[in-house]
Amino acid sequence: MNPIIELDSLSVDLAGRPILKGLELALSGRSIGLLGPNGAGKTTLIHTLLGFHAAKTGTARVFGLDIRRETRKLRSLVGYMPEKDSFIAGMNAVRFVRLMAELSGLPPRAALERTHEALHYVGLGEARYRVLKSYSQGMKQRVKLAQALVHGPRLLFLDEPTNGLDPPSRQRMIELIHEIKETEGIHIVLSSHLLGDVEETCDEVLVLRDGELATYCNLEEERRSNKRFIELETRGSNGAFLDALNTLGCECAVLKGGKLKTVLPEGVEVRKLFEIAGQQQVQIRRLDFKRDSLQDIFLKAMGDHNGSL
Amino acid sequence: MAVYDRHYRPYDGTLLPERWRFLVIPRYAYKDVFASRIFLGFYLLCFLPPIVGSLMIYLHHNLEALQIMGISSAADLIEIGPRFFEWFTWCQSILLYLVVLIVGPSLISTDLADNALPLYLARPFSRPEYLLGKFTVLGLLGASITLIPLSLMYLLQSSLEGGTWLANNLAILVGITLWPIVWIALTGLMALAFSAWMRWRPVATGLLVAVYLVSWGLSSIVNLLFHTRVGDLLGLPKLVVSILSNIFRGGGEGPHVIFSWIVLLLIALACLLLLRSKVKAYEVIR
């Protein structure tokens, strides 16, 4: 798969301070999460990819387009939803989003049609003729998403899209991002410090710390591999049960308190464990899949700085 | 796709040519500007002097009308010459400044206050295009109340007076075309620069007023205290009068005209530098 974003020793200084330090990575997922504590460089990375900040050294490519030389072409392929409130206060949502569509090059009629579609899509159909300054925080976030989508970009940069949203609004925003992600031909880069948002919406995660790559993780692969790690709590004699599991090809380890930890080989389903336990007169009282959550990955990355999981 | 069918779809239609995209900004801005009836009334009032001037030109060449008004000869009326056009150019320049004062200060300040610049600049739309679009708002308004009516007055006079008058008064033609362009550029840049600098419309408006009135007062004080005319270089209205009299009549009081032009050029450069530093998607805080 061709990479969507390639970072090639990318370093960025702002006001003489190094913000991004030699980032080197290729990302090709449908939805890419940017994680990191405040000040890690997530927003700066997005701004640099959009051409707002110049790279000190190195470069980056989006869809193979160099951010230094082909900024204009690159910007025609992306949509950007900024973190802070960004709108034109005196306008209503239709006029605002239509203006943004026309600035992206859509003819006025097509811009108007797409504006209505985008505003309905994000759930602002009823409120689309209201002045933007009268909008609630959730509505402002949604109108920002509408303006980022209206011209049909191939890559969407979402900077803290759930900032300041109440739980129902957050859930609606996450659902929207899910829907967009499922659409053919569009990729998402989501920057957030909320692990839950990234975990729910992203396939790949890039964790930044102090402008450096702390870790990169393919969540899809992680989820798949986690399903093979199982923790068991049993009652009865484990000896024969362990032998049977070993015969099946499972790697097993006995933990404190008689707990078992096992890795299922490919092709072996969990149901087989219950069958063996039945045959060996062992009761399985608890069975847990390993849950190496994004939080674990994140904390590990923050503690261990060598970039490996 | 119908609006009720809530699914995202990419856009695969045609796109407008990039070189004319900056015109989207004035199109939207004019809807807001002319939504105000007060402004519309004032804008229409700006055409009153050129209408009066055109009537005066017409009367000069219509003996019957003069007789009806009880004027025996055209010589009793104001002469249609360089001074006549200079006065109308000055008058329209003042009106243009007032129009810029009303429209200009909100052009960039509202975008900066609402953090809208990242949205403009995240698109295939550059900073120069953004500024060109904003400048065009003032440029077209300015041309409509200076360049176009003054040119029409000149054409009317030329057509009634004949080719000889036209050939003998080419300096007027230069004056009514060159000066409005310079004045539109200068006032437009000043308004945009103050709008970007102050980020708050009332302050930017106040600054524009101050540049005209305070500089006038300051130049008078300097002249009075030091018994000189060098102070005229500090006052925008005096610079305008000096340059206009030089363009139309070849003379001019006060500071040497070249210095007046240099001061205007320096003001324009300062405004461009200010715009360059202030109009950015994000300002880096040091």
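Reply: Arg154(A) lies over the face of Phe63(A), at 4.1 Å from the ring centre. For that call, NZ of Lys or CZ of Arg has to be within 6 Å of the ring centre and within 35 degrees of the ring normal. This is a predicted model, so local features need pLDDT of at least 70 and side-chain atom pairs count only at pLDDT 80 or more, while totals for chains, interfaces and linings use all residues. Residues are numbered from 1 along each chain as its sequence is written, chains are lettered from A and ligands numbered from 1 in the order in which they are written, and side-chain values use heavy atoms, with hydrogens and water left out.

Me: What sits over the ring of Tyr28(B)?

Reply: The charged end of Lys31(B), 5.9 Å from the ring centre.

Me: And how many aromatic pairs are there over all chains?

Reply: The search of the whole structure gives 19. Rings of Phe, Tyr and Trp (its six-membered ring) pair if their centres lie within 6.5 Å; planes under 30 degrees apart are stacked, over 60 edge-to-face, and the rest tilted. Take Trp20(B) and Phe22(B): their centres are 6.4 Å apart and their planes at 40°, so that pair is tilted.

Me: Are those two buried or exposed?

Reply: Trp20(B) is exposed at 51% relative accessibility, whereas Phe22(B) is buried at 11%. The cut-offs are under 20% relative accessible area for buried, over 50% for exposed and partly exposed in between (1.4 Å probe, protein chains only).

Me: What about Tyr97(B) and Tyr212(B)?

Reply: Also a tilted pair, since the ring centres are 4.8 Å apart with the planes at 40°. Tyr97(B) is in helix 5 (residues 82-103) of chain B and Tyr212(B) in helix 12 (residues 201-226) of chain B, so the pair ties together parts 115 residues apart in sequence. Helices (H or I, at least four residues) and strands (E, at least two) are DSSP runs, numbered from the N terminus. Tyr97(B) is buried at 5%, and Tyr212(B) is buried at 12%.

Me: Which residues form an aromatic cluster?

Reply: Phe84(B), Phe85(B), Trp87(B), Phe88(B), Tyr154(B) and Trp165(B) form one.

Me: Switching topic: why is helix 6 of chain B called largely enclosed?

Reply: Because 7 of the 9 residues in helix 6 (residues 105-113) of chain B are buried. Among them are Leu107(B), Ile108(B) and Asp111(B). The cover includes helix 5, helix 8 (127-145) and helix 14 (257-278) of chain B, with contact meaning heavy atoms within 4.5 Å. Just after helix 6, Asn115(B) takes a positive phi of about 60°.

Me: OK, the interface. How many residues does each chain give to the contact?

Reply: Chain A gives 49 and chain B 38. About 4,100 Å² is buried between them, 58% of it on carbon and sulfur atoms. That area is the accessible area (1.4 Å probe) that two parts lose on being put together, summed over both. On the chain A side, Arg72(A), Arg95(A) and Leu103(A) lose the most, together 18% of what that side buries.

Me: How many salt bridges cross the interface?

Reply: The rule finds 4 (a side-chain nitrogen of Lys or Arg within 4 Å of a carboxyl oxygen of Asp or Glu). Glu102(A) and Arg27(B) meet in a salt bridge at 2.1 Å, N to O.
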